[in-house]
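Subject: Structure handover

Hello,

Please find below the structure I am passing on to you. My notes on it follow directly after.

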Amino acid sequence: MARLIGKPLKRNEDPRLLTGQALFVDDVELPGMLHAAFLRSDYAHARLKGIDVSAALEREGVVAVYTAEDMGDDWAPGPPLVIPPPTIEEVTFNTRTQVPLVKEKVRHAGEPLAVVIAESRYIAEDALDDIVVDLEPLPAVVDIERALDADAALVHDDLESNLAAHLVQTKGGYQSAREQADLIIKRRIVMDRGIAGAMENRGIVAYWDNKQQYLTVWDTTQSPIPIRNGLAGMFGLSEHQVRVIAPFVGGGFGPKIMMFYPEEVVLTWATLKLALPIKWIEDRRENFYATTQERGQVHEVEMALTEDGRILGLKDDFIHDSGAYDPYGLTIPLNTQCHVLGPYDIPNFSSELHVVFTNKTLTTPVRGAGRPHGVFVVERLLDIAARELGIDPSEIRRRNYLPNDVFPYDNVIIDQAFANFIIDSGDYLPAMEKALDMIGYKDFIENEQPRLRAEGRRVGIGVVSFIETTGVGPYEGARVTIESSGDVSVATGVGTQGQGHFTSFAQVVAEHLGVKVSDVHMVTGDTAQFHWGTGTFASRGAVVAANAMNAASSIVRKKILELASELLDAPEDELEIEDGEVRVADVPRMSISLGELAQKANPLRGAVEPGTEPGLEATAYFGPNYGATAFGTHAMIVEVDPETMNVEIRRYVVVEDCGTVLNPLILDGQVHGGVAHGIGNAFYEQLFFDDNGQLLNASFADYLIPTSAEVPTIEVGHTVTPSPLNPLGSKGAGEAGAIPVPALMAQAIENAIGEAGFEILESPMSPLKLFNLYYGDKEQ
Amino acid sequence: MKPASFEYVAPTTLDQALERLAEHGFEAKVIAGGQSLIPMMNFRLAQPSVLIDLNKIAELSYIRLKDDELRIGAMTRHVQVERDALIARHAPLIHEAMTKIATPQIRNRGTFGGSIAHADPAAELTAVTVALDARFRLQSAGGERWVPADEFFFGMFATALGPDEMLVEAAIPVAPERTGYALEEEARRAHDFAMAGAAAVTALDEGGKCSAARLVYFSIGDVPTDAGDAVAVLIGKEPTPDLIQSVVDTAADRLEPSDDIHATAEFRLHLARVLGRRALQRAFERAAVEAN
Amino acid sequence: MSELIEVTVNVNSEEYRRSVEPRMLLSDFIRHELSLSGTHVGCEQGVCGACTIQLDGAAVRSCLMFAVQADGHQIRTVEDLGTMDELHTLQEAFWEAHGLQCGFCTPGFLMSILPVLEENPEVSEETIQRAMEGNLCRCTGYQHIRDAVKQAAEKMVAGGEA
């Protein structure tokens with residue numbers, strides 16, 4: 001085998017996308033379709049005293065205007081999406097989930113107060129101006145470090161404080177490690193918020209067909225099946241009465257996971273009331289307020305080391321910004337805690353976490369999901385330690401890597417899946433050495449950098465390592481069917497947002513079934529096609545769904561061989577499946593096509609024998625015991641203009657190890673995109689809130705997503721350490737690119753500036769912040 | 001993000017357009033390329049009740065040389081200016097500025113006159129036209145007047161244009177011999193509005209001494225800021241690095257930049273010094289090349 | 001609501017006549033009135049480039065024009081390039097080089113880059129870079145897009161296409 005898996009095949013889905021024929025949610029047009037617009041709060045924190053929609057209702061073309069009151073008993077906060085971890089003692093977790101429309105109090109700017117449903121989006125937006133709202137502004141909770149102050153306003157009045165969650169995780173004993181240390185590095189490290197920035201905003205078309213008693217929802221979701229189940233449950237429908245379709249989705253990156261966003265709930269509720277199709281397409285301004293965000297954390301950290309740079313222990317107490325609600329539980333901060341440990345042997349660890357409510361848009365996973373923070377923290381501390389101890393940054397990492405013989409390695413603390421954080425496999429040194437080699441580390445340090453420095457140029461190099469927990473459970477499934485044409489149809493529950501599932505999954509299937517990859521027709525994200533599953537997130541598609549594909553297609557293969565063996569009168573082990581037919585090896589004349597076999601397996605006469613099933617079809621599921629951990633090393637060379645603090649990336653090298661590679665072309669694309677996102681996170685993208693919780697840069701003109709001019713050529717290399725946890729040996733890679741970039745860029749910029757005391761402890765950086773760091777120090 | 005309703009008129013001659021403007025005055029908004037106006041309308045930050053579209057007025061689109069002046073019609077698109085040989089030859093500073101304005105798609109639609117009349121303090125053309133001693137022809141149904149660029153910009157998005165007036169033409173003196181120019185700016189991403197920028201125009205006499213110098217900042221305050229007398233000290237002197245440094249230091253002391261999310265006033269001031277120096281240096285280098 | 005205005009536009013060599021409100025954005029007109037939904041909308045303020053179309057041969061933002069302004073003009077959208085069975089050279093190159101992931105920004109990239117290659121396919125890296133500057137992509141990191149444009153340019157040079 002292994003002829004198709006691992007090949008850089010071009011993608012099955014592309015011709016549709018390239019010709020503008022792929023269906024995105026906003027392309028759905030239904031007869032009589034109405035359009036929704038949401039009235040959103042300008043205030044971040046305010047009491048709703050009254051709302052008068054009468055003028056809006058009078059506007060020509062307006063069909064309905066609804067507020068929370070109109071929803072009656074159907075008004076309810078959304079479901080918690082991830083339950084808090086049961087396995088740690090003394091965990092505090094206050095669940096407060098988002099509401100469909102504000103009833104009493106606005107908790108973040110942009111929270112919806114009312115919805116207008118009209119004949120066009122233009123008219124619906126006109127009518128928003130007709131609504132009179134009486135809001136009494138309240139002091140806003142913005143600064144996460146002051147959210148727990150005694151005099152802080154309360155985001156949720158029924159709680160005693162803005163504490164959303166509190167937990168402590170430990171491994172070994174940090175305090176005793178600290179006592180033995182030769183060096184203790186103590187710092188405050190900050191990472192600020194950004195957006196996911198998918199090019200397609202969210203969108204929903206919901207249609208309740210009253211005669212058919214059937215609800216269809218087209219939704220830009222990464223998780224159509226949970227949305228289907230949730231909506232059915234909320235509105236008392238059978239799951240069989242609800243079809244959720246995630247068609248082509250223009251980028252996910254996390255916030256399109258099953259959120260039960262207010263708009264998903266309100267549009268469904270409204271179509272059930274009106275029995276007419278309703279469309280809502282989020283606009284970019286709304287996206288900045290209404291779609292979830294990530295990354296706000298403040299860490300107080302300490303690393304204890306020996307004089308030869310070995311980590312004895314690490315203590316990381318941090319605050320995580322949950323925003324106004326916390327439906328996504330502790331996923332992000334638990335990821336942070338795990339990734340602070342990185343690929344390193346850190347015997348003693350202690351981490352106290354406070355999650356706080358603030359009057360800002362909620363945070364849920366965004367590409368990286370807490371991992372970049374952990375990596376930033378540990379890598380920064382290692383860089384500072386290396387400098388203090390006079391050790392090369394690559395060397396201090398080498399000295400601390402977990403050795404090869406410890407895997408599976410139990411890190412003792414729990415991870416986002418609420419199970420012990422076990423690293424399934426790893427081999428860190430070769431990845432780093434390859435990266436150093438690719439970027440010419442030694443030559444740069446010894447020759448190029450001194451030469452350029454002599455010319456007065458500030459060039460610097462960085463190298464950091466990371467791990468990425470991927471491919472978490474619970475499970476995904478796939479149904480693989482040989483059609484009578486001989487083509488293969490496959491359905492799975494995960495949605496697709498550009499990851500190439502139509503191709504990489506098809507490669508796995510085609511591998512088993514001896515067909516062309518282009519003859520495998522994939523359906524993803526349609527609940528009418530596949531009933532079970534969770535979704536595309538946590539870099540899990542290539543692990544969990546692909547292994548379900550692998551399982552289902554091996555069963556179909558078995559069925560093919562059994563039937564063909566009977567029909568060709570040849571033992572199974574003499575059969576081979578090639579080019580869409582089953583042949584007796586070495587006897588090419590004795591063959592039967594898959595299409596013919598499929599027809600024979602579904603006879604029009606005769607009986608299906610007991611214990612057998614018609615057709616060449618199988619459904620199978622895969623659920624890993626725990627996640628597979630990918631890893632790698634990134635290296636970069638930058639040049640800093642010390643006058644303008646403009647940073648130019650001159651080289652960027654990635655060595656990625658995500659186990660078995662399904663399609664290297666797709667994998668490289670995932671890595672490139674991740675790095676570009678990471679460059680944004682490291683240097684360009686930051687959300688600025690004022691003291692009232694107003695977002696100051698809610699547009700693509702002011703929120704700076706990197707363009708092609710900011711993203712350099714990314715040189716990608718690979719090492720392959722297959723995961724022992726799944727038959728394919730695959731690990732996820734969707735987020736990997738983004739994870740180490742802030743840490744890497746900080747190191748490289750520091751190296752370029754090359755002056756004692758110039759220390760980056762914050763991400764994102766910017767020319768302004770570098771200026772303040774550099775010239776602020778100079779003036780003192 | 002859909003615009004509010006408006007009445008739309010698309011005159012085909014300038015006279016018609018001016019008549020409509022006289023009729024509607026403050027109620028109306030003139031749309032040229034619309035690349036700044038339409039975003040504001042989509043955000044509903046601008047809700048004109050009448051939109052007077054100039055795009056069908058062919059007579060407003062031209063670049064020609066007249067009496068040692070380049071004349072640029074207000075509706076000439078950025079891309080035409082960018083690719084025009086007369087501009088490249090006689091107003092190389094404008095040529096250099098064009099590629100720094102927004103993105104190719106915006107330049108295909110945006111217009112020279114529209115950018116100036118919009119008077120965004122971060123727009124390159126505000127400073128460039130001041131540095132080049134350009135004049136603008138403002139016309140209304142009642143007549144026309146010429147306003148020098150350095151008297152045109154009143155404040156952020158505010159200009160000398162009356163409610164019934166339109167900017168119809170810019171006149172730019174042809175660059176004399178031994179003139180050098182440079183535009184320096186520092187933007188976050190390649191196509192972003194600059195955090196700070198400076199346009200310099202300098203000339204050298206036969207002895208290599210400075211015979212003329214202009215330095216105009218943009219994106220520093222609400223209007224393009226001319227360094228004025230601060231650079232006048234260069235006249236008659238050899239533009240040494242030390243002298244240039246002292247000139248930009250003096251000039252910077254008079255600036256009053258403001259804060260925004262990407263740059264504080266202090267950082268802007270620092271950038272103004274750096275970019276002013278680089279612009280002057282590069283302009284003198286080019287003047288020296290021209291002189292040879 | 002203001003009066004409807006009749007608009008006649010030539011889109012992809014076909015003439016369309018519609019009555020629209022003056023405020024209707026050209027992007028909405030193309031997508032929802034003409035059902036040419038290959039043109040996508042990402043920001044409605046002219047930054048992301050997803051809605052880029054060609055107006056009389058020049059790449060422009062369809063979200064920054066009103067449909068009434070397109071009256072009497074020629075418009076070209078992604079639907080005018082190749083078909084699924086017979087892709088345009090540029091589309092083919094995007095396919096070969098994996099120049100798209102979610103594909104939402106892709107029509108905008110194609111329509112921005114194509115006029116540049118059609119004018120002169122012998123493009124430098126800098127020209128390619130500049131042609132891409134006005135389009136955001138969140139998936140690809142741009143590298144495979146640059147590769148695709150290079151490939152397409154080479155093919156167009158070799159094939160004498162321009």
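Strand β2 (residues 28-31) of chain B pairs with β3(B) in the parallel sense, over four bridges. All of this comes from a predicted model. Within β3(B), the bridge partner of B:I31 is B:D53. Strand β1 (residues 7-9) of chain B also pairs with β3(B) in the parallel sense, here over three bridges, and B:Y8 stands opposite B:L51.

Which way do the side chains of β3 (residues 50-53) of chain B point? B:V50 and B:I52 point one way, B:L51 and B:D53 point the other way, and all are buried. In a regular strand, side chains alternate between the two faces of the sheet.

Chain C, sheet and helices

Chain C has an open sheet of five strands in the order β2-β1-β5-β3-β4, with mixed pairing. The edges are taken by β2 (14-20) and β4 (58-61) of chain C; each has a single partner strand, so one side of each is left without a neighbour in the sheet. On average, neighbouring strands of this sheet are turned by 40 degrees against each other, direction ignored. Inside the order, β1 (residues 5-11) and β5 (residues 74-76) of chain C pair in the parallel sense over two bridges. C:N10 stands opposite C:Q74 in β5(C).

Two helices lie across strands of chain C. Helix α1 (residues 26-33) of chain C lies across β1, β2, β3 (52-55) and β5 of that chain and runs at about 110 degrees to β2(C). Helix α3 (residues 106-119) of chain C lies across β3, β4 and β5, running at about 40 degrees to β3(C).

A covered helix in chain A

Helix α5 (residues 224-234) of chain A is mostly covered, with eight of its eleven residues buried. Those buried residues are A:P224, A:I225, A:P226, A:I227, A:R228, A:G230, A:L231 and A:A232. What do they pack against? The buried residues of α5(A) pack against β11 (214-219), β12 (242-245) and α6 (262-274) of chain A. After α5(A) comes A:G236, with a positive phi near 65 degrees.

Cavities and a pocket

The count of cavities of 30 Å³ or more comes to ten. The largest cavity holds about 140 Å³ of space. It is lined by 17 residues, and the closest to its centre are A:H108, A:Y261, A:P262, A:A290 and A:L362. By class, the lining of the largest cavity has nine nonpolar, five polar and three charged residues.

The second largest cavity holds about 90 Å³. Of the 16 residues that line it, A:Y684, A:F688, A:S766, B:R188 and B:H262 lie nearest its centre. This lining divides into nine nonpolar, four polar and three charged residues.

The second largest pocket has a volume of about 1,200 Å³. Its lining has 41 residues, of which A:N646, A:E648, A:A709, A:E710 and B:A190 lie nearest the centre. The elements that give two or more residues to this lining are β27 (628-641) and β28 (646-657) of chain A, β11 (179-187) of chain B, and α4 (125-132) and α5 (143-158) of chain C. Which element gives the largest share of the lining of the second largest pocket? That is β28(A), with seven residues. By class, the lining of this pocket has 13 nonpolar, seven polar and 21 charged residues.

Backbone points to check in the viewer

Most residues other than glycine have a negative phi, and most peptide bonds are trans.

- A:P408 is found in the loop between α10 (393-400) and β17 (409-414) of chain A.
- A:P474 is found in the loop between β19 (458-470) and β20 (476-482) of chain A.
- A:D579 lies in the loop between β23 (575-578) and β24 (581-584) of chain A.
- C:Y142 lies in the loop between α4 and α5 of chain C.

Are A:D579 and C:Y142 buried or exposed? A:D579 has a relative accessible area of 63%, so it is exposed. C:Y142 counts as buried because its relative accessibility is 0%.

Regards

How values were computed
Residues numbered from 1 in each chain as written. Chains lettered and ligands numbered in written order. Predicted model: local features only at pLDDT ≥ 70, side-chain atom pairs only at ≥ 80, totals over all residues. Heavy atoms only, no water. Pairing = 2+ DSSP bridges. Axes fitted to C-alpha atoms, helices over the stretch in contact; angles between N-to-C directions. Contact = heavy atoms within 4.5 Å. 1 Å grid on protein atoms, 1.4 Å probe; cavity = no way out; pocket = protein on both sides within 12 Å on 5 of 7 lines; lining within 4 Å. Points joined across faces, edges and corners; volume = space filled by probe spheres on them. Nonpolar A, V, L, I, M, F, W, Y, C, P; charged D, E, K, R; others polar. Buried < 20%, exposed > 50% of the residue type's maximum accessible area, 1.4 Å probe, protein only.
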